[in-house]
Amino acid sequence: MAVTKPTPARRARVILDTMWSSGTGRYALVVLALWALVALVSLFWTPLPLLATDGYHVWAAPSADHWLGTDGTGADVLSWLMAGSRTNLVIAGLTVIGSAALGLLLVGLMVARSTALASVSVAVVDALISIPTVLIALLLAVPFGASAAVVVGACSIAYGLNLARVARPAALLAARSQYVESARANGAGGLRVLVQHIVPNITPVLAVQLSMSAGTSVLAEAGLTYLGVGVGAGVPSWGHSLSTSVKLINVFPLTVLWPGLVVTLVVIALNLFGDALRDAGDPVANPLLREA
Amino acid sequence: MSVSVRGLKVDLGGVEIVHGVDLTIGDGERVGLIGASGSGKSMIAKALLGLLPQGASLCGGISMGDAAILGSASGEGNGGDSAPASYADERTLADLRGRYVGTVFQNPARALNPVMTVARQIALPLRLHYDLTASERAERVRAMLGKVGLSDDVLNKRPHELSGGQRQRVGIATALITSPRFIIADEPTTALDSITQRQIVDLLVSLVDDAGASMLFITHDFAVLSRATTRCYVLDEGRIVESGNTADLLAAPETAPARELVTAARRLTLHAGDTSRADEGGVAQS
């Protein structure tokens, strides 16, 4: 009987198919695909240029000229939201990479065979995790100024610490398992054990935590930009759109509604994406993946 | 590869687990280490691999072939030496593990990475120790799979899709894929049913003999030991209390721990029918 060799492409296809088969997974995939598509399109086209303002139509309701209305400067809300999706996508992506790198480094130290190193790492993570994301952002903003990099840095540090703390029990179970002992008995070193044996066995936890990090980075960007330590003035982002319109929420609620709605839909999608990926990407839980 | 353990003492957290064990395994010889649970068998196996828990302190010496892997600064651990001993550097040990020393573990359900396919699992030591192309590795994995009696169908399966016997065959294939010169089989049949136990022991013995490797077979079951080894050591509370030809020891054990293990093996396996009839008689009389 011929044996089909598993390939990353085939595995990815099975994972996507499995996610698509559930309602929540389908919602997450549609919203995230739309987000990526809009970010891509905004590179070449927005309904109006970002700097185009119409002083006669400020805080305008949705119309044929401005599909989602205008803000206090008469700028097109949809154009700014489309351009903002790009910034938020980059922030979310870099936050996932940053928090994964820091989190996995810390996980590696926290489950090290050296009990002294592991104990010190646990104590350091427990101490640092008490520092709020806003405070980290404020500290980073002092030397670097308000920028997207500050948001990414603050989120990566805060969520990386959180990831390490949440993933540690699962990683510890894997690190003390007999299959890791078996790998060491075959000559595997510490880094290889971490990458090939511990990390693949904690991917369900990582999938959920990293998707939550991406979602929370969208919320953090909005909050930090409102506080003045997020993305710089004039840089389009969903946080920027929210902060410029929130002051007059009682008078013109619609302009707040659009960025608020986008943020909410995307954060929900990211959280559901993590859950769906966890279930679809686990070869033990997903029989289709075993046949891929 | 010949293996020599001299005056090995293992201390864990201030408690001495192994008290001066001397053990030799000749080139191509199959030697057993038998003892009750908690007698220190697995600690000796871990000491041979240099994989004892952090904080363990050792005395004595271990050498494999020409390489001294554990020794004290004052010499190579000559039995009476109580000076703390240290291992060769980690690089030397890592090169030894998997390449020259293969290990078959007790519980194959736990010893195989649950998310790794059989093909990747078996190829692991090859990836670590040999610079082979993917197709060369795949070829060797298929050949090894055939030797342990598994078909290519299992290549892309994960451990939970296999039976206990199949898992242990994968474990044996992983241990033997690099043609190591010394095999440590740490209770490889304990988690298996009696029929599979026999198949696995016979498979392991034939593969080890074909490869001309030596083997340390650790077990608490004399019935299994008698099939797998020619010579054995009896371990009791961290001390070797008896050693000799396995068949002779099984026929006439001299020490109390050895007698206890032999009696248990006879009652459970060798003369189960006689024992049950004797028990029935005892009940009837009472």
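Biologist: What percentage of the contacts in chain A with a separation of 6 or more comes from residues 24 or more positions apart?

Modeller: Please keep in mind as we go that this is a predicted model. In chain A, residues 24 or more positions apart account for 68% of the contacts with a separation of 6 or more. As for burial, 45% of the 292 residues of chain A count as buried, and the C-alpha atoms of the chain fill a box of roughly 75 × 55 × 30 Å along the principal axes.

Biologist: How many helices and how many strands does the secondary structure of chain A come to?

Modeller: Chain A has 12 helices and zero strands, so that, read from the N terminus on, its elements run α-α-α-α-α-α-α-α-α-α-α-α.

Biologist: How should I read two helices that pack against each other, and which case can we take from chain A?

Modeller: Two packed helices are described by the angle between their axes and the distance between the axes. In chain A, the axes of helix α1 (residues 8–20) and helix α11 (residues 253–280) come within 9 Å and cross at roughly 125°. An angle over 145 degrees would count as roughly antiparallel and one from 65 to 115 as roughly perpendicular, and the angle here therefore makes α1(A) oblique to α11(A). The crossing in which α1(A) passes α11(A) is right-handed.

Biologist: Which residues make the contact between α1(A) and α11(A)?

Modeller: From α1(A) come Ile15(A), Thr18(A) and Met19(A), while α11(A) contributes Ala276(A), Leu277(A) and Ala280(A). Sorted by class, this contact has five nonpolar residues, one polar residue and no charged ones.

Biologist: Turning to chain B, how do I read a sheet, and in what order do the strands of the open sheet stand?

Modeller: Strands of a sheet pair through backbone hydrogen bonds, either parallel or antiparallel. The open sheet of chain B has six strands in the order β7-β8-β9-β3-β10-β11, with mixed pairing. β7 (101–104) and β11 (239–245) of chain B stand at the edges with a single partner strand each, so one side of each is left without a neighbour in the sheet. From one strand to the next, the twist averages 15°.

Biologist: Which strands does helix α1 of chain B lie across?

Modeller: Helix α1(B), residues 41–49, lies across β3, β7, β8, β9 and β10 of chain B, and runs at about 150° to β8(B).

Biologist: Finally, how many residues of each chain are in contact where chains A and B touch?

Modeller: On the side of chain A there are 24 residues, in contact with 29 residues of chain B. Helix α7(A) (residues 178–185) gives the most to the side of chain A, with seven residues. By class, that side has 10 nonpolar, 10 polar and four charged residues.

Methods: Residues are numbered from 1 along each chain as its sequence is written. Chains are lettered from A and ligands numbered from 1 in the order in which they are written. This is a predicted model: local features need pLDDT of at least 70, side-chain atom pairs count only at pLDDT 80 or more; totals for chains, interfaces and linings use all residues. Two residues are in contact if their C-beta atoms, placed from the backbone, lie within 7 Å. Helices (H or I, at least four residues) and strands (E, at least two) are DSSP runs, numbered from the N terminus. Ala, Val, Leu, Ile, Met, Phe, Trp, Tyr, Cys and Pro count as nonpolar, Asp, Glu, Lys and Arg as charged, and the others, Gly among them, as polar. Two strands pair if DSSP finds at least two bridges between them. Axes are lines fitted to C-alpha atoms, for helices over the stretch in contact, and angles run from 0 to 180 degrees between N-to-C directions. Angles under 35 degrees count as roughly parallel, over 145 as roughly antiparallel, 65 to 115 as roughly perpendicular and the rest as oblique. A crossing is left-handed if the near helix is turned anticlockwise from the far one by less than a right angle, and right-handed if clockwise. A residue is buried if 20 or more other C-beta atoms lie within 10 Å of its own, exposed if 12 or fewer, and partly exposed in between; C-beta atoms are placed from the backbone.
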